[in-house]
Amino acid sequence: ELFAGNNQIELLEMEQLACLTAVTLLELRDNRIRNIPEEITSLLTLTRLDLTNNDISNLPASLSLLPNLKVLLLEGNPLRGIKREILAVGHTFKTHTNCEDRNCLSFLHKN
């Protein structure tokens, strides 16, 4: 698990993500992140990604390639929508009003 919230992070770089291949929970809430790089796919063990309160307007389609991702927290971002590629890979999405007292989006993978 890595908790890196409230650190004024603006950019996630490939080199940073390459060091996190065994992480299951990545908490990047309350930063200044604008983009999620395609290299997010290297985090194959990731089950929970908290991107609450950043500046993300688009999600990369590569999020759909994360086989273990169950919860994606996105509240407080200026999102324009979820890409069709993410929806097309057999995920169902649920928006919960009580997910540790935050709104969250859950991925329920079909096997």
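**Notebook: surface, fold and salt bridges**

I began with the surface: the protein exposes about 6,400 Å², and carbon and sulfur atoms supply 49% of it. Accessible areas here come from the Shrake-Rupley method with a 1.4 Å probe, and for residues only the protein chains shown count as cover.

A note to myself on the source: this is a predicted model, where local features need pLDDT of at least 70 and side-chain atom pairs count only at pLDDT 80 or more, while totals for chains, interfaces and linings use all residues. Residues are numbered from 1 along each chain as its sequence is written, and side-chain values use heavy atoms, with hydrogens and water left out.

**Fold**

Next I looked up the fold and found two helices and six strands, in the order β-α-β-β-β-α-β-β along the sequence. Helices (H or I, at least four residues) and strands (E, at least two) are DSSP runs, numbered from the N terminus. Of the 111 residues, 40% count as buried; buried means under 20% relative accessible area, exposed over 50%, and partly exposed in between (1.4 Å probe, protein chains only).

**Threonine 21**

I then visited threonine 21, in the loop between helix 1 (14-18) and strand 2. Threonine 21 is partly exposed, at 43% relative accessible area. Leaving aside residues up to four places away in sequence, threonine 21 touches Ser42, Leu43, Leu44 and Thr45, where contact means heavy atoms within 4.5 Å. The C-alpha atoms of threonine 21 and threonine 45 are 7.0 Å apart, although 24 residues separate the two along the chain.

**Salt bridges**

How many salt bridges are there? I get three, taking a salt bridge as a side-chain nitrogen of Lys or Arg within 4 Å of a carboxyl oxygen of Asp or Glu.

One joins arginine 32 and glutamate 10 (3.9 Å, N to O). This pair links distant parts of the chain: arginine 32 sits in the loop between strand 2 and strand 3, and glutamate 10 in the loop between strand 1 (2-3) and helix 1, 22 residues apart. Arginine 32 is partly exposed at 39%, whereas glutamate 10 is exposed at 51%.

Arg29, Asp30 and Asp50 form a network of salt bridges. Arginine 29 meets aspartate 30 at 3.1 Å, N to O, and its closest N and O atoms with aspartate 50 are also 3.1 Å apart. Arginine 29 lies in the loop between strand 2 and strand 3 and aspartate 50 in strand 3, so this pair ties together parts 21 residues apart in sequence. Is arginine 29 buried or exposed? Arginine 29 is buried, at 13%; aspartate 50 is buried at 5%, and aspartate 30 is partly exposed at 26%.
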